Amino acid sequence: MIIYLIDLIFYFGYVMSFLRFYYLSGSIMSHTDTTLPKRPGTSQRTVARLALRFTIREASSQRGKKERVREAKMEVEQLTPEEERLLIRDIISAESDSKENDTFFLITHKWWQSWLDYVNQDSSSTSTNGSHEIGSSRRPSAIDNSNLIDEATSEEVSNVEMELHDTLVEGRDYILLPQQVWEKFQSWYGGGPVIPRKAINTGLSQADLAIEVYPLRLQLILIQKQERAIVRISKKDTVGELHRKACDVFELSLEQVYIWDYYGQKKHALMDNLDKTLDDANIQMDQDILVEIINEIAPIQENGYTDHNNSSSMQLIDNSNLSTSNYYTSPSSELDNPNSIYSANNIVTRGAGPLGLTGLLNLGNTCFMNSAIQCLVHTPEFARYFREDYHQEINWQNPLGNVGELALAFGELLRKLWAPGRTPVSPRPFKNKLARFASQFSGYNQHDSQELLAFLLDGLHEDLNRVKDRPRNNTIDADGRPDDDVADEHWANHIARNNSIIVDVCQGQFKSTLVCPVCQKVSVTFDPFMYLSLPIQSASSRSITVLLFSNTSSPAPVTVNVPKQGRVRDLVNALSSSGSVKTGERILLAEIRGHSVYQFLEDPVLLLSSIKDDEHLAAYKIPKLEKIPTIYIQFIHRREEPEFANSSNSAAWRPFGVPFVSQISRNNTKISDLYQIFRSMLLPIKQTQTNNDSSLNGMKLQLLEKGNSFTNLSEEDGEKSISVPTNSISLIVFVNWGKENFRKYDLLFMENIPEVVKFAPPLKRTRGEPLSLYACLDAFLREEPLEPDEDMWLCPRCKEQRQASKKLDLWRLPDVLVIHLKRFSFSRSTKHKLETFVNFPIYGLDLTNYVANKKSSQGLVYDLYALSNHYGSMASGHYTAHIKLLDENKWYSFDDSHVSQISIEEVRSSAAYVLFYRRVKGENSTAVSNGNYRAITSFKR
């Protein structure tokens, strides 16, 4: 109310001024040349109306000036750190939604960190000179972005004043701020230089926004005048805007100039659609644009090459041209909570959370590409290499390479996927580049992720091959010399011609032995490999391990062989034979999950292929009761465990071990019958059989009723009958074990129920488990004859084509071992996919027994960190990737644009197609990686 009265008095004063103005209209009219517009025929009422409007305008102006003065005073009077923090927080909260063409400003991360330290301290004090200090953190000095600027290259670009360093990473080197936040910092602290960047649309919807930190850098080539110029331009600018820039740079008129897509020093396309964006025209970072004067066309044939040496002055920079996360993950919450801060003591502007969790958009049947890319991108050695300055290693002249363009495109995509934020990235530029060099991957048909991986690894190697002039490949003959010497010569010969990050990380060496069946001539060679393609054996039999319970002996695992395409009755028959089932007994199969029976496997025609290798089966010898109705009863064991989530010292009963299972009559079953059955099943696991004490020492039985209620079953009420539901398959009785009971019984089996296919690295190479990864390795390395007529060997001694026997051995293993499971088979008339589950280790793949070089000093144990999966059939399949973030020690599923955390149990499945293993190393060890000594910092599991 007081405010309204003040405003009323305020406006009343101006009304009085108007009245004075009105009665002095004569004098006002004499000054209308400078104050009011005077028109012919203006009446006194009109003059009065104009005077009133003038007076109100002056009043408003005076109030506006007062507000501006008040704001200016606030700017001059230094705000407290808390006031600065709250003001910035409120601005960020108000600007939660970004729009295309919004402006953002780069600020050095070092300054941003110092400001966060300044405003996020708990206690504040004021120094004697009036400036605010927060604990040990002083008020930041003026903004200094000079460390972001590359002065050496700034002069090369025609249309910009400053060039950024080419290896900047958001969140590490710089932070992106919205315009209002930047203006506040400028008014408070001053400094610079100012580095604005625009938000552009990178997808189909308006929500797919990114900040274009690095606009396209293009080299304009005017051959007629032997001139070159480098310009920066947004990928969302049009061809027409590029055309105008080219004319401005070379001082030419629009009418006399054509521009061409001069990718790879070839005329690919005339850029005559002036409305098309450069992104749609597939113009890439650091490519050439040919500028032609229409009346002075130089003798260049379309699709012809020019001398690449003329472009040697071209400076290539980092291709991570976009910060690809959503513009803002609002840091207002972190500003509200000083304890939730970026790094050790600051907030996050964008992309909170671990890096590397960015998905890839599916462009149409590109899941095979997305899966392969994610596996390579999350290889730690590649992530480190391509996020640093790798351009000096690009081999531009390699005739076997891709003019360096494949490496540049992959490096650009990798940096986007490791940038802060989780907005899915479109791989369209990479796919377009890929199609230029590998036409088989053009279009939008489904392809094989392993075939793409093979091409990418080979293509990246050739683009990054450090060898510019390859020596001749000399033939090396073993001639009876030691394998060590011959292998080292072969490897040195290979490295002399092939030396790249791909060779450093992914290439190993085979020992290949050929034996002539006629003259017994032995030929030994050592060949490099990039990955292992292991066959999946289609065996006729399968081994299954089951935990067998009996009333006469302790539970024990039993392994039997059954037909691979067999049924449950085949497994029951095999167990009956090996378990010595007596007359009047039968085998009951059950699948165990979570310490209880998940399901009874009673259907005799159920296919065994429905039982997975990592499941747990138990078999129970029970009496045959054919003439009376029966029901199964399972005794679920429980023990008392502390409730850690509860502040009190309370405890809860938790299930453990494998349940006992038997059967009882549905009619007239007494409580005493349950105790008798349970005692008989306990007898085989007693620690000493001489003790005739049949008491249960306080073990209590509880019957689970409907509604999850319990009924205590006391032996004192042994003659009481129990009610059995008519539609129930089994009764559940909980057995509560006291601490004193654990000393009396052998409960080892309780904690260690085996999987259907027992897994352990074999001490010897065995072919007994065709569904394990070791069995696949055995099959791959097994000696076998060459294919007749197709793969014959010219024996140097016989001088004849012979069907020699061939034996492969692993000799040298790479740091990253890629294993391809050959699920797809082809014949002239059919295509087939094997859905076999291969039991591969996630930790501790031990290849010691598979490496023939016993003098190797390298570790031969590997851990899984990535795999490419294929689901479905060959006709309609889908690819995903499972990736372990090593720093986080967590597994994630990458399904195109969707990324989600998964448990370690979900990693293994029958969809596993390409496995990526990484050598286990010690802390900060110095290792020999494919012949090159380099310090390697290990990644912990």
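## The largest pocket

A pocket here is an open set of grid points with protein on both sides within 12 Å along at least five of seven lines, and its lining residues have an atom within 4 Å of a point. The model is predicted.

The largest pocket holds about 840 Å³ of space. Its lining is made up of 32 residues, and those nearest the centre are Ile611, Lys612, Asp613, Asp614 and Phe837. Strand 19 supplies the largest share, three residues. By residue class, the lining of the largest pocket has 13 charged, eleven nonpolar and eight polar members.

Gln702 sits in strand 25, which covers residues 700-704. Its relative accessibility is 15%, so Gln702 counts as buried, the cut-off being under 20%.

The side chain of Gln702 makes a polar contact of 2.9 Å with the side chain of Asn712, and another of 3.4 Å with the side chain of Asn736. Beyond its neighbours within four places in sequence, Gln702 is in contact with several residues, among them Arg638, Phe710, Ile732 and Phe734.

## Salt bridges

The whole structure contains 23 salt bridges. In one of them, the side chains of Arg139 and Glu84 meet at 2.8 Å, N to O. This pair links distant parts of the chain, 55 residues apart: Arg139 lies in the loop between strand 3 (132-133) and strand 4 (143-144), and Glu84 in helix 4 (residues 81-94). Arg139 is partly exposed, at 23% relative accessible area, whereas Glu84 is buried, at 1% relative accessibility.

Asp815 and Arg919 form a salt bridge in which the closest N and O atoms are 3.1 Å apart. Asp815 is buried, with a relative accessible area of 4%, and Arg919 is buried, with 6%.

## A further pair and a network

Arg89 forms a salt bridge with Asp90, with 3.0 Å between the closest N and O atoms. Arg89 has a relative accessible area of 18% and is therefore buried, while Asp90, at 40%, is partly exposed. Salt bridges also link Glu163, Arg217 and Arg232 in a network.

How values were computed:
Residues are numbered from 1 along each chain as its sequence is written. This is a predicted model: local features need pLDDT of at least 70, side-chain atom pairs count only at pLDDT 80 or more; totals for chains, interfaces and linings use all residues. Side-chain values use heavy atoms; hydrogens and water are left out. On a 1 Å grid over the protein atoms alone, a cavity is a set of points where a 1.4 Å probe fits but cannot get out, and a pocket is an open set with protein on both sides within 12 Å along at least five of seven lines; lining residues have an atom within 4 Å of a point. Grid points are joined across faces, edges and corners, and a volume is the space filled by probe spheres set on the points. Helices (H or I, at least four residues) and strands (E, at least two) are DSSP runs, numbered from the N terminus. Ala, Val, Leu, Ile, Met, Phe, Trp, Tyr, Cys and Pro count as nonpolar, Asp, Glu, Lys and Arg as charged, and the others, Gly among them, as polar. Buried means under 20% relative accessible area, exposed over 50%, partly exposed in between (1.4 Å probe, protein chains only). A polar contact is a pair of N or O atoms within 3.5 Å; within protein, one must be able to donate a hydrogen and the other to accept it, and residues adjacent in sequence count only if both atoms are side-chain atoms. Contact means heavy atoms within 4.5 Å. A salt bridge is a side-chain nitrogen of Lys or Arg within 4 Å of a carboxyl oxygen of Asp or Glu.
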